[in-house]
Amino acid sequence: MGNNTLIERDLSVLWHPCTQMKDHETLPIIPIKKGDGVWLEDFDGNRYLDAISSWWVNMFGHCNPRINKALQQQMETLEHVILAGFTHETIVELSERLVKLTPPGLNKTFFSDNGSSAIEVALKMSFHYWVNKGHKGKTTFINIANSYHGETIGALSVGDVALYKEIYEPLLLKTITAPSPDCFNKEEGETDKDYSARMIEPMREILQKHSEECCAVIIEPLVQCAGNMRMYDPIYLTLLREACDEFNVHLICDEVAVGFGRTGTLFASEQADITPDFMVLSKGLTGGYLPLSVVLTTDETYDAFYDDYENLTAFLHSHSYTGNPLGCRAALATLDIFQEDDVIVKNQALIKTLHEVSQEFLNHPHVIDVRQRGMIVAIEMGKNKKTREEYDWKERRGLLVYQYGLKHGVLLRPLGNVIYFLPPYVITEDQIKMMARVALEAINFATKD
Ligand SMILES: *Cc1c(COP(=O)(O)O)cnc(C)c1O
C-alpha cells in the first residue's frame, strides 16, 4: 500500500476536520503508517517530527511503550461499563489522583469525552448551580476577547475567534466579552505584568454592571492557544479570581490545552495560585491516546445539587461513553510517567533549550513577536517589523511554512501567521534545534517576497 492509493481512497469518502477540502486538489493529504516517539512516518518512509503534538494532545510520544502496556492490560480486564449506577477501579483511582494534583478545593470530578463537551458541562453546571441557589436571573457568561473553548454550540458561543464563530452567530448564546490581557498589545516600555494587571479594570467594570445576569467568567489560563498562542501574565488570573469572588460570579478555567505541563507547571492556574470553581481538562489528559475529558469542581458546587430526588436539583447530564475505562487507564499511565520521571522538573531543561533557539528568530526582518510560556513557543510573522503590520491572511504564508516544514521533516501547523512549537515532552535538545532550524528556513521561504 503506497501513499497514493490511500490518498485517493481517503478523498473519495472522508471529510476532514477544520479543512477546506478543495485545498486537497493541490495540497496532498498525508497518510501516516506509524508513530514512534516524536516521529510520524508515512508509507513512503518519510518521517515528520511532530512539533505540534498532533493538535496539542500528545505528551510522551507516539506509541509510548508504557501507555501501550497499560492499555493492553486494561483491555483484558474491562473495556467499558455504564457510569450511572456503576463504577470501576480505574476511574476511582484517576479521580483521586486528579483531586490531589489540581489546586486545593477541587474535590469532585465529572467526566466527559472531549474538550468541547466538558466546556458544555462546566457552563451547564454553573448555570444550574445558581438556579439551585435561587439566583434565577443568571443566564449569561463573560468571556475574554480572542478566546477559544471548542466547537459545539455552547463552547463556540463562549469563544471569540471570528474564523470559527462568525458564520454561526445567529445560533449562539449571548455572551459579554472583556478585552484580553494578551501582552502583544502592551505599550512600549510597559512590563507584561503591568499590562495584564491593568487589563483587569475593564473586566471589573463589566462585572460591576452585569454580575446579576452572569453565571461565570470563562478563561484560558496564561495562553490563548487557538487565538494564535497569545500569552499573558499570571497576575491577571489572581486579580480575576478576586473579582469573581467580589461580584459573586464563578470562574471557569479552561485548561484543555494548557494543562499537564504545557506552561511549565502541571496546571497553569498554579502560577496564579488560584482555585477556579471549575477546571476543565482534556487533550493531554490521556497522553494523546484517547478522547477523554473531565471537569473538576468544588464541594460547594456539588452540595448545591445534592438533595432528595423529588426536588429535581440533580445534574441530569450524560454521554454514552462517560468515564470509559480505556481512556481512564491511558490517563493513569500518563500521570504515572509525570510522577516516575519527574517530568515537570526535567522539562525545565527543554524549556531552556526552547528559549535559546527562539532567540534566533528575534532579529528576523519578518518576525514581529517571539513569545514563550513554558513548553510553548510562538513566532509571529509580519510584513513590517517596526509598525507590526500584518500580512494579509489571504496570502496564506503560514501554509507555505507548513509545506516547507513537511518537505524538510517537521510537522509545523501555523495558526495564520503564527508559527509555534508545542512538542511532546520526549523531544531531545538536538531535535529542538532541528525543529527550530527548519522553522527558520521555512519563515525565510514564506517571507522572501
Ligand atoms: C481544543 C480546545 C478545546 C476543545 O477541545 P476538543 O477536544 O477539541 O473539543 C477547548 N478549549 C481549549 C482551550 C482548547 O484548546
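I started on the outward face of helix H9: Glu205, Gln208 and Lys209 are exposed there, turned away from the buried side of H9. This is a predicted model, so I keep that in mind as I go.

Next I checked which residues of H9 (residues 200–210) are buried, and I got Ile200, Met203, Ile206, Leu207 and His210. These sit on the same side of H9, because they cover an arc of only 120° around the axis.

I traced 3 strands in the order E13-E14-E16, forming an open sheet with antiparallel pairing. E13 (367–373) and E16 (418–421) are the edge strands; each has a single partner strand, so one side of each lacks a neighbour in the sheet. Neighbouring strands here are turned by 15° against each other on average, direction ignored.

Zooming in on one pair, I noted 6 bridges between E13 and E14 (residues 376–381), in the antiparallel sense. Aspartate 369 faces glutamate 380 of E14 there.

Last, I looked at the helices on this sheet. Helix H15 (residues 429–446) packs on it, touching E13, E14 and E16, and its direction makes about 175° with that of E16. Helix H13 (residues 343–359) also lies across E13, E14 and E16, and it runs at about 170° to E13.

Definitions and conventions. Residues are numbered from 1 along each chain as its sequence is written. This is a predicted model: local features need pLDDT of at least 70, side-chain atom pairs count only at pLDDT 80 or more; totals for chains, interfaces and linings use all residues. Side-chain values use heavy atoms; hydrogens and water are left out. Two strands pair if DSSP finds at least two bridges between them. Helices (H or I, at least four residues) and strands (E, at least two) are DSSP runs, numbered from the N terminus. Axes are lines fitted to C-alpha atoms, for helices over the stretch in contact, and angles run from 0 to 180 degrees between N-to-C directions. Contact means heavy atoms within 4.5 Å. Buried means under 20% relative accessible area, exposed over 50%, partly exposed in between (1.4 Å probe, protein chains only). The arc is that of the directions from the helix axis to the C-beta atoms.
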